[in-house]
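Subject: Structure for you to look at, with notes

Dear colleague,

I am passing on a structure that I would like you to open beside this message. Please read the notes slowly, with the chain in view.

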Amino acid sequence: MANERLRGAILASGLTVEHIAERLGVSTRTVERWVEAKDQRRPYRRFQYALANLLQRDLSDLWSDEQTTSQTAEAGRAELTKLYPHRAVAPKELWTSLYSGATRNFDLVVYAGFWLSEDPLFFRLIKEKASAGVPVRMMLGDPDSPQVAQRGEEEGIGPAMAGKIRNALANYAPVFNVPGVEFRLHSTTLYNSLYRADDEMLVNGHVFGVGAFLAPVLHLSQVPGGELFSTYAASIERIWESSRRITSPLFEGEAA
C-alpha cells in the first residue's frame, strides 16, 4: 500500500523524485520505493530525518505507526534540556546566556517582559547581535488589546498589565532605531512567553491567576525528529506574521 502521506508531501513541496534523490544522495528508485511502500519499505532513520527536513514536515506527517510515535516521543523528551518549576528560580543569567549564542534567530515573544527591558546586558546583546547581522524580532503585546486587558484581570493586576507594556516600550527606546531590530505589537492570547536563539528556546508558561514569574520555564534544544521545539517555533512565526510593526515607543496612530 502506497504511502499517500509521503506522496502528498512531495507534491506539495514542488520537488521531484529526482531532486529529492539528489539531495539525499540515493537513487530515484529508492525514493520511489519509499513512496510505493509495497513491501513496507521505509527509509533508514537518518533518511527519515533528512526527508522530513527537506519537505518541511514532522515525521508523524509522513509515517504514522507505533514505532514512529515512540521515536518522536523519545526525541521530544530529549529536546527538554531542563525544567524550572518557576521562572523566579531560574538563573538570572539564563536569558542573556541564551541570546549570547544567537547567530540566526533572536526572537522575543511576550506581553511585557518588563524585567528584561531593565537589563543592561540584554540591551548590549540586542545591539551586538543586530550589528552582526542577526535579525532581532521583538514582539510585545498591544496594550490597547482586549487580550492584554484580560490577562491583566487574570493576574489580578488589571490595567497595570498594559502599563507594564508601555513602560517596557519606553525602556526600549534606545534600540528602536538600531538597524536590524524590529518591534511589533501582537494581540494574541499568549499562552506562553517565548525566547528563541537559534536552536535553543525558553518557554515560560502562563498559568491562570498568577504572574509569569511563578509559572514553569522549559529550556528546549532542537533535536532531529523532535516536534516540541518546532511546535513553539511555528507559533513564533504565526505571531510575527499577525502582528503590526511599530517604529517608536510612541506608537499611537501608526499604520498597521
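How many helices and strands are there in the chain? There are 11 helices and 8 strands, where helices (H or I, at least four residues) and strands (E, at least two) are DSSP runs, numbered from the N terminus. Please keep in mind that this is a predicted model, in which local features need pLDDT of at least 70 and side-chain atom pairs count only at pLDDT 80 or more, while totals for chains, interfaces and linings use all residues. Residues are numbered from 1 along each chain as its sequence is written, and side-chain values use heavy atoms, with hydrogens and water left out.

The chain as a whole

Along its principal axes the C-alpha trace spans about 65 × 35 × 30 Å. Of the 256 residues in the chain, 47% are buried, a word that stands for under 20% relative accessible area, with exposed meaning over 50% and partly exposed in between (1.4 Å probe, protein chains only). Among the contacts with a separation of 6 or more, 69% are accounted for by residues 24 or more positions apart, a contact being heavy atoms within 4.5 Å.

Two helices that pack

Two packed helices are described by the angle between their axes and the distance between the axes. Helix α9 (residues 146–155) packs against helix α10 (residues 160–171) at an angle of about 120 degrees, with the axes 7 Å apart; the axes are lines fitted to C-alpha atoms, for helices over the stretch in contact, and angles run from 0 to 180 degrees between N-to-C directions. That makes α9 oblique to α10, since angles under 35 degrees count as roughly parallel, over 145 as roughly antiparallel, 65 to 115 as roughly perpendicular and the rest as oblique. On the α9 side the contact is made by Val148, Arg151, Gly152 and Glu155, and on the α10 side by Met161, Ala162 and Ile165.

Two residues with positive phi

Most residues other than glycine have a negative phi. Gln56, although not a glycine, has a positive phi of about 60 degrees, and Asp198 has a positive value too, near 55 degrees. Gln56 is found in the loop between α4 (45–55) and α5, and is exposed, with a relative accessible area of 64%. Asp198 is found in the loop between β5 (192–197) and β6 (200–205), but is buried, at 8%.

Aromatic rings

The count comes to 10 aromatic pairs, where rings of Phe, Tyr and Trp (its six-membered ring) pair if their centres lie within 6.5 Å, and planes under 30 degrees apart count as stacked, over 60 as edge-to-face and the rest as tilted. In one of them, Trp34 and Phe47 have ring centres 5.9 Å apart and planes at 40 degrees, so the pair is tilted. Trp34 belongs to helix α3 (residues 28–36) and Phe47 to helix α4, 13 residues apart, and both residues are buried. Elsewhere, Phe123, Tyr172, Phe176 and Phe183 form one aromatic cluster.

Finally, which residues sit over the ring of Trp240? The charged end of Arg137 is 4.8 Å from the ring centre, and Arg184 lies over the face of Trp240 at 3.8 Å; a charge sits over a ring if NZ of Lys or CZ of Arg is within 6 Å of the ring centre and within 35 degrees of the ring normal.
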